[in-house]
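Work through the exercises below with the model open. Try each task before reading its solution.

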Amino acid sequence: MKRTLSLLLAVLLLAGSAAALAETKMWGITTGGTGGTYYPLGGEIAALWMKHIPNLDVSVQTSGGSKDNILKMNNSEAEFGTVQNDVMYYAYNGDQDFFGGEVIDSFVAIGALYPELVQVVVAADSDIKTIADLKGKNVSVGAVGSGVYFNAVQLLGEAGLKLEDIKAQHLSFDESATSFQNRQLDAFFVTAGLPNPAIMDVDSKRDVRLIGLTDEQMTALQAKYSFYVPVVVPAGAYKGILEDVTVPAVGAVLICNKDLPEDLVYEMTKVLFENTDELTHAKKEFIKAESAVKGVPVPFHPGAAKYFKEKGLLP
């Protein structure tokens with residue numbers, strides 16, 4: 001009798017384990033290159049969700065950046081992603097230059113995360129002082145499909161330059177850093193939080209500084225691209241920056257497939273914005289519900305909207 005009960009108990013336990021595994025939801029979050037901010041922060045967000053939400057498995061994927069993340073989500077290759085707010089705007093409006101006129105609205109927003117600075121990196125002792133000085137230089141403008149590529153094109157354009165006017169290289173953050181250290185690049189663009197790991201790695205071996213914009217240049221840029229905001233990078237942020245410099249910035253936003261269940265996204269939104277103290281990434285200081293609803297040019301997922309309405313942050 002005891003043996004029969006033991007066998008029955010074992011069968012029940014195995015059945016319960018199988019049922020639990022069957023209920024486990026497996027999702028993917030696309031981020032960016034390993035040398036950027038998206039990848040490590042995406043990993044921490046995924047870990048936070050899995051810690052607080054039962055039967056959830058979220059894998060973190062590297063990618064070419066914002067546009068690539070939107071396309072992967074549109075092709076059902078991932079359910080979550082981190083994207084620049086400007087690239088989101090282009091997708092929803094079917095921008096001809098960046099999405100070939102195709103409207104992509106298969107995704108919605110969970111919430112804004114932190115500001116991303118467009119950092120144009122040169123050696124501290126370089127004679128390159130303005131964006132216009134990049135003419136004829138070897139410059140990395142970011143991986144094809146990344147948000148930084150779009151920003152590079154826009155900043156070059158406001159300085160009267162086209163990609164054909166520079167020796168453009170389409171490199172990831174890590175590749176840009178390595179090429180710059182090897183004296184194969186005169187400058188490289190990085191759109192990311194401050195400080196950026198790839199730039200810090202370069203700065204540890206070769207002092208760098210950032211090319212800033214004047215008030216007039218910033219105003220002209222904003223007149224054409226309203227999603228940019230000026231951000232002051234303080235002296236000392238990188239070793240070669242001896243005085244404050246103003247650079248344009250966009251916003252990093254967490255997005256998801258619009259067809260995901262409302263209750264799931266509600267729980268994920270709540271977990272993220274109410275447990276930021278458990279994150280270790282430096283960007284956690286920016287991740288707040290109050291700022292999550294700002295600078296988002298696309299609709300919120302109903303689950304996220306429900307959470308922000310409960311907090312009195314959305315009407």
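**Exercise 1. The chain as a whole**

Task: State how many helices and strands the protein chain has, and what share of its residues is buried.

Solution: 
- The model is predicted.
- Count the elements: the protein chain holds 12 helices and 10 strands.
- Take the extent: the C-alpha trace spans about 90 × 45 × 35 Å along its principal axes.
- Take the burial: 50% of the 315 residues are buried.
- Turn to contacts with a separation of 6 or more: 74% of them join residues 24 or more positions apart.

**Exercise 2. Strand β10 and its partners**

Task: Find which strands pair with β10, in which sense, and over how many bridges.

Solution: 
- Start with β3, residues 80-84: this strand pairs with β10 in the antiparallel sense over five bridges. Glutamine 84 has alanine 252 of β10 as its bridge partner.
- Go on to β4, residues 107-123: nine bridges join this strand to β10, and the two run antiparallel. Here glutamate 116 is bridged to valine 250 in β10.
- Finish with β9, residues 229-233: five bridges link this strand to β10, again antiparallel. Valine 232 stands opposite threonine 246 of β10.

Solution: 

**Exercise 3. Helix α4 and its surroundings**

Task: Work out how many residues of α4 are buried, and what they pack against.

Solution: 
- α4 runs over residues 85-92, and seven of its eight residues are buried.
- Name them: Asn85, Asp86, Val87, Met88, Tyr90, Ala91 and Tyr92.
- List their neighbours: these buried residues pack against α3, β3, α5, β4, α6 and β10.
- Look past the helix end: glycine 94 follows α4 and has a positive phi, near 55 degrees.

Task: Describe how α4 packs on α6.

Solution: 
- Two packed helices are described by the angle between their axes and the distance between the axes.
- For α4 and α6 the angle is about 90 degrees, and the axes lie 9 Å apart.
- Angles of 65 to 115 degrees count as roughly perpendicular, so α4 is roughly perpendicular to α6.
- Asp86, Val87 and Tyr90 of α4 meet Gly147, Phe150, Asn151 and Gln154 of α6.
- Sort this contact: three residues are nonpolar, three polar and one charged.

**Exercise 4. The α6 and α9 pair**

Task: Give the angle, axis distance and handedness for α6 and α9.

Solution: 
- α6 spans residues 147-158 and α9 spans residues 215-224.
- Their axes come within 10 Å and cross at roughly 120 degrees.
- That angle makes α6 oblique to α9.
- The crossing is right-handed.
- Gln154, Leu155 and Glu158 from α6 meet Ala220, Leu221 and Lys224 from α9.
- The contact divides into three nonpolar, one polar and two charged residues.

Task: Find which α6 residue meets α4 and α9.

Solution: 
- Gln154 is among the α6 residues that meet α4.
- Gln154 is also among the α6 residues that meet α9.

**Exercise 5. The α10 and α12 pair**

Task: Describe the packing of α10 on α12, and list the residues that make the contact.

Solution: 
- α10 covers residues 262-274, and α12 covers residues 302-310.
- The angle is about 50 degrees, with the axes 7 Å apart.
- The two helices are therefore oblique to each other.
- α10 passes α12 in a right-handed crossing.
- From α10 come Glu262, Val265, Tyr266, Thr269, Lys270, Phe273 and Glu274.
- From α12 come Pro302, Gly303, Ala304, Lys306, Tyr307, Phe308 and Glu310.
- By class, the contact has seven nonpolar, two polar and five charged residues.

Note on methods:
Residues are numbered from 1 along each chain as its sequence is written. This is a predicted model: local features need pLDDT of at least 70, side-chain atom pairs count only at pLDDT 80 or more; totals for chains, interfaces and linings use all residues. Side-chain values use heavy atoms; hydrogens and water are left out. Axes are lines fitted to C-alpha atoms, for helices over the stretch in contact, and angles run from 0 to 180 degrees between N-to-C directions. Helices (H or I, at least four residues) and strands (E, at least two) are DSSP runs, numbered from the N terminus. Angles under 35 degrees count as roughly parallel, over 145 as roughly antiparallel, 65 to 115 as roughly perpendicular and the rest as oblique. A crossing is left-handed if the near helix is turned anticlockwise from the far one by less than a right angle, and right-handed if clockwise. Contact means heavy atoms within 4.5 Å. Ala, Val, Leu, Ile, Met, Phe, Trp, Tyr, Cys and Pro count as nonpolar, Asp, Glu, Lys and Arg as charged, and the others, Gly among them, as polar. Two strands pair if DSSP finds at least two bridges between them. Buried means under 20% relative accessible area, exposed over 50%, partly exposed in between (1.4 Å probe, protein chains only).
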